[in-house]
Amino acid sequence: MNYTTIAVGVFALVYGFVVLALRARGKEGPFGKLSVMKERFGAEAGSRIHFIGYVVLPLALGAALVVAGLLGANVFRSGR
């Protein structure tokens, strides 16, 4: 069991769930990049890109890091 890997994974999960909750409540104020993405790619595509980058990826990474940490992997160790 590697506590550092688990802690970073939990942080990523919490971040993903907080962003998901804020988006579900319709609060776009905290997301400065969301408005830029909507302007650049259009409202629907910009929102999808933001959702994937700031919700889906952190949740997937967080889950993978928690599982890896529970299995004893140290993903932050240098190769030396």
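The protein has a radius of gyration of 15 Å, whereas a compact globule of 80 residues would have one near 12 Å; the radius is taken over C-alpha atoms, and the globule rule is 2.2 Å times the number of residues to the power 0.38. The C-alpha trace spans about 45 × 25 × 15 Å along its principal axes. The model is a predicted one, in which local features need pLDDT of at least 70 and side-chain atom pairs count only at pLDDT 80 or more, while totals for chains, interfaces and linings use all residues. Residues are numbered from 1 along each chain as its sequence is written, and side-chain values use heavy atoms, with hydrogens and water left out.

The protein contains 3 helices and 0 strands, and its elements run α-α-α from the N terminus on. Helices (H or I, at least four residues) and strands (E, at least two) are DSSP runs, numbered from the N terminus. Of the 80 residues, 26% count as buried, where buried denotes under 20% relative accessible area, exposed over 50%, and partly exposed the range in between (1.4 Å probe, protein chains only). The accessible surface comes to about 5500 Å², and 66% of this belongs to carbon and sulfur atoms; areas come from the Shrake-Rupley method with a 1.4 Å probe, and for residues only the protein chains shown count as cover. Among contacts (heavy atoms within 4.5 Å) between residues at least 6 apart in sequence, 70% join residues at least 24 apart.

Val14 is located in helix α1 (residues 3-24) and is partly exposed, at 47% relative accessibility.

Helix α3 comprises residues 43-70 and includes Ser47. Ser47 is buried, because its relative accessible area is 18%. When residues up to four places away in sequence are not counted, Ser47 touches Arg23, Leu34, Lys38 and Gly42.

The structure holds 1 salt bridge, defined as a side-chain nitrogen of Lys or Arg within 4 Å of a carboxyl oxygen of Asp or Glu. The side chains of Glu44 and Arg48 form this bridge, with an N to O distance of 2.7 Å. Side chains of opposite charge can pair when their charged atoms come close. Glu44 and Arg48 are separated by about one helical turn because they are 4 residues apart in helix α3. Both Glu44 and Arg48 are exposed, whereas Ser47 is buried.
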